[in-house]
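Subject: Structure for your review

Dear colleague,

Please find the structure below.

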Amino acid sequence: MIRPGVTFALWLAIATLVVLNEFVGDTWIAATLSVRAVEWYKALVPIPYVAMVAIIHARRTRGDDWFPAALLAALLWSTSTMLAGFTYARVAYEEGAEAFFDRLGFWWGAPYPLLVLVLFASPLLAGWALARHR
């Protein structure tokens, strides 16, 4: 069953964590680590939280219509969390779109696409795993 309220509330929790994590990475962590290490920090720290929230979402939307609910969460969480990160960088540091899209450069080893992939795949995988064990 699709529950947009649950999906939105869980996304709000994810977006808040990602933006706060970016703030901590840019202020406190950046003073002690290299730029590459800070980028890895900002991409890897939210992943366990995203997985936990995806499991919560899958449990709340369990049933025959688990796939539309998981797809809604996957599309909403990945795109809008990227938009929240872009808005944070734009407001806090006046970065342009080119600087943000440079974070997606997996060809030079940028870790940010891994976070986007996890944001997309985790609701689908958690929904599938819980639907299989009904």
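**The largest pocket**

The largest pocket has 14 lining residues, and D26, E39, K42, E95 and R103 are the ones nearest its centre. On a 1 Å grid over the protein atoms alone, a pocket is an open set of points where a 1.4 Å probe fits, with protein on both sides within 12 Å along at least five of seven lines, and lining residues have an atom within 4 Å of a point.

This is a predicted model, in which local features need pLDDT of at least 70 and side-chain atom pairs count only at pLDDT 80 or more, while totals for chains, interfaces and linings use all residues. Residues are numbered from 1 along each chain as its sequence is written, and side-chain values use heavy atoms, leaving out hydrogens and water.

The volume of the largest pocket is about 210 Å³, meaning the space filled by probe spheres set on the points, which are joined across faces, edges and corners. Helices α1 (4-29), α2 and α4 (66-93) each contribute at least two lining residues; helices here are DSSP runs (H or I, at least four residues) numbered from the N terminus. The largest share, 4 residues, comes from α2. By class, the lining has 7 nonpolar, no polar and 7 charged residues. Ala, Val, Leu, Ile, Met, Phe, Trp, Tyr, Cys and Pro count as nonpolar, Asp, Glu, Lys and Arg as charged, and the others, Gly among them, as polar.

**Salt bridges**

There are 4 salt bridges (a side-chain nitrogen of Lys or Arg within 4 Å of a carboxyl oxygen of Asp or Glu). One of them joins E22 to R103, with the closest N and O atoms 3.0 Å apart. E22 lies in helix α1 and R103 in the loop between α5 (97-102) and α6, 81 residues apart.

**Helix packing**

The axes of α1 and α3 (residues 46-60) are 10 Å apart, at an angle of about 175°. Axes are lines fitted to C-alpha atoms over the stretch in contact, and angles run from 0 to 180 degrees between N-to-C directions. The two helices, α1 and α3, are therefore roughly antiparallel (over 145 degrees). Their contact (heavy atoms within 4.5 Å) has 11 nonpolar, 3 polar and 1 charged residues.

Yours sincerely

Note on methods: Parallel < 35°, antiparallel > 145°, perpendicular 65-115°, else oblique.
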